Amino acid sequence: MRLVHVNVTQLRVAATCPRLHWFDTRATAERQDGRKVVSRIWRKGGEAPGCGALFHTAVERFNAAAASSDEVLAALEGARDAADLQQALMRWFNASCINLDAFAARPVPLRLGFISAVQVYMEELARLAVHARAAGLPAAELRGQLFGDSRKRVDVTFHVGEDVHVHVTGAIDYVYFDPRLGKHRIVDYKLTPATSPNSDLFQVFTYALMHHHQHGTKPDVAVFYLHPTRSVREARWEEVEAKRGKIHELIASMVAWSDHALGAGGLLPPGDRTYCDGCKHERSGACVAELGHKDRGSWDRRWTALEATRGEAPEERARAAASAPAAGEPLADEPPADEPMVEDDPELEEALAVVKPAGERPRPAPASGRGKKAPAEAPLGGARSTPAEAPPSRGPKAPPGGARATPTALDAGAGPPEARTADVAGMLLGFDDGGSPVCMDPAVLRTHVSVVGAAGSGKTWMAKIIAEEALRAGVPVLAIDPQGDLVQMMEARPRADVPPALLRAWEELQERMEPRILTPGSSHGQRLCLDPLRLPSASELSHIANPALRAEEEEGLLVAVAANLVSLCACGGEEESQRTFLYQVLQRLPRAAPVRLRDIVAAVTAPEDLGFDEVDSLIRKSERERLARRLNTFVQGPSARLFSGGTRLDFTELLRPSRPGRVPLNIVYLNALSNDDEKHFFLAALATELYRWMITTVDATSGGVNLLFYIDEARDWIPAGGSKPPAKQPLIRLFTQGRKYGVGCLLCTQSPRSVDYNVFGNTSTKLIGRLEAAQDVERVIDWFTIEGGAPPWVAARKGAPKGSFVARWPDMPAALAGRAFKGRTLFTRHAGAWSPDRVERAVTEAGLRGPGG
């Protein structure tokens, strides 16, 4: 009998890309010391550099310590809500699990990725715990269910051939008893984009099968993507059990691929292109050179045939089962449990330096209360805490009262010469290598601007510069902040951190900018409300001379409002029928007075009152009743916060300064909303209302720039392909129609392939930062290719320095064409995302509460 030993990390790598397993096997053999080489796969695409090792190590420490922590027990007993519990867990995590001095010395991108991932993890944990407590589960029992299950180690032997047994050992990320479902769950955490969820979920199927074999748990499974974007993929135990044949085939194939790597026959491994961008074997060319085209290669499918044979002959099944070692049974040549591995990830040792060892006694977590500043030694803050509150990456500790990131640590534009500014005219974007200013005419904003760059390239920095320069030029800004990166613009960069040559421009911005932090559905800032709905009236559209065009505009606005409401209700069923019915309702409702949501609920409930004769021909009665019930929850239920309290969304008021000479900066902070559905709905409603305001209020013949509409991380709202989140069509309409009314749009995205082509097709100004994927370079080449081939500067964008950009805009001076430059120093704060509580403190301290607060 042949016995092969693998661990779950190797299994995860092989499931991701068989060729990574092949290269690891060969590298292990070359070492000749028995230490396994295992590639790390959570650094894909540079989204979270080194953060995976740190996160997994820290959360392992947290879960182990929390099982016996009195502070965690007290937090579970006393939490008022999920946000309150999240803050308490974060404080204890900071004090108990992290070496703050070591953490402060880590690179800024790693800290930002780590903080973001931990916040999402704690938020999900808090929601689960609050749900269980509300259902009456005692805090001590809940703590045991969440943290007390120590059966994370898996140790199972699989019989995958006539004479081959594969002994798999390791530890899964998290196993717990979910009180909401009344059963066990296994969760695997990912700090990469959800580009291959089926493959990732299949990995967890294997862990679940092993855990059930050892402990009889029949667990459901989930893959939890924490960074850069939160998402979850789940499956029930029944699905796991149905895939057990595929799992055996993966393990059998690993044996065959390893044999091939060692020259002992076996099978040539196929390639998976998903992780090629971040793979060193792809970069070096070794993958194709040694193994051929990625489509070549195969899997060991003999297990399926063997299982079929066993099914026909029960006595053969019994003999095979008897010959296989039992799970957990010691084997003669079994390696020790702490089998050493060589990690192909230089961050791992430094991660161990950041996370406190398990034997170290936790410090008491610092107390925190609403309205109090977080202590400087708590860099991970409370709920959705902020990178701004992290210690500087180098140098002394932050001063009391909160850390302030140093310009050299976080400035994407730090370093370029900032000298010749006396004769600057227009919007100052930055400086080239010789210190010459790069300026853009504010009129260009009308034709829309896109800023493209990989994670950490400085694209948000550059977009903020454009927003600042628009304000200096007298153009109001409406910025959509989904995560808390833009709200910091309400605070000025300290004067001492501004280069002398830019002080006058800094002063101009402070004199002109009038910041307002708008928080839909919450009172962390100036609260916004969507009720009553603004439906277009005949008088508002009377300036459109063409009757057909006037009717089209009215129809388009009503259709958009109806679609937004249907998406918010999420009733399922025939959504097209629901949209048609709601459109008919909106068309018939009197518009002399403002239309409130309760008016729509009444009309949906009793459509005959509006003159509907055969409403069943438009929508089934059951769906209409369900639609009415869902709409009513936004009038009377717990979801009514979007339609109650605060001030009504009114662009005429938002763009009116409080006194002459000031220019409004309206930042719409979405992070206080409870889920992505609410964020998508609100943005769709805002974009629809902005379009209505635009066509009914703005003079299209003025020729100026009336507003800069700035949206960060556009791929989440206007994705490429067939995906249609609620805000996609209303936003595309702004890009296609906005320039006619002087409404310029500014967007940021990591990849030019990730945003709908209709947007980029209507964006005349493009700023290109560092690119990482070859496909992104090709897309940029498509944009800029002219007769004679692609511009020579495009190739240099791959791997370009942080903060470096090349721009193209209408009527740009020839001398600037293809010239790289670095963004100037920002005049407002820029140090990471702010949590809702941090926003509330800043708004209160600055006196920006406003009438909606």
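## Strand 10 and its partners

In this predicted model, strand 10 pairs with strand 22 (residues 821–823) through 3 bridges, and the two run antiparallel. Phe431 sits opposite Lys822 of strand 22.

Strand 10 also pairs with strand 11 (residues 437–440). This pairing is antiparallel too, with 4 bridges. Here Met427 faces Met440 in strand 11. The two strands form a hairpin with 4 residues between them, and Gly435 has a positive phi near 90°.

## Salt bridges across the chain

Side chains of opposite charge can pair when their charged atoms come close. The model contains 34 salt bridges. One of them joins Asp220 and Lys183, at 2.9 Å from N to O. Asp220 belongs to strand 7 (residues 220–225) and Lys183 to strand 6 (residues 183–190), 37 residues apart. Asp220 counts as buried because its relative accessibility is 8%. Lys183, at 24%, counts as partly exposed.

Another salt bridge links Asp776 and Arg753, with the closest N and O atoms 2.7 Å apart. Asp776 is in helix 28 (residues 774–784), while Arg753 is in the loop between strand 19 and helix 27, so the pair ties together parts 23 residues apart in sequence. Asp776 is buried, at 5% relative accessible area. Arg753 is partly exposed, at 34%.

## Within a helix, and a network

Glu576 and Arg579 form a salt bridge of 2.9 Å, N to O. Both lie in helix 21 (residues 575–588), 3 residues apart, about one turn of the helix. Arg579 is partly exposed, at 27% relative accessibility.

Salt bridges also build a network of Glu468, Glu469, Arg472, Glu508 and Arg824.

Methods. Residues numbered from 1 in each chain as written. Predicted model: local features only at pLDDT ≥ 70, side-chain atom pairs only at ≥ 80, totals over all residues. Heavy atoms only, no water. Pairing = 2+ DSSP bridges. Salt bridge = Lys/Arg side-chain N within 4 Å of Asp/Glu carboxyl O. Buried < 20%, exposed > 50% of the residue type's maximum accessible area, 1.4 Å probe, protein only.
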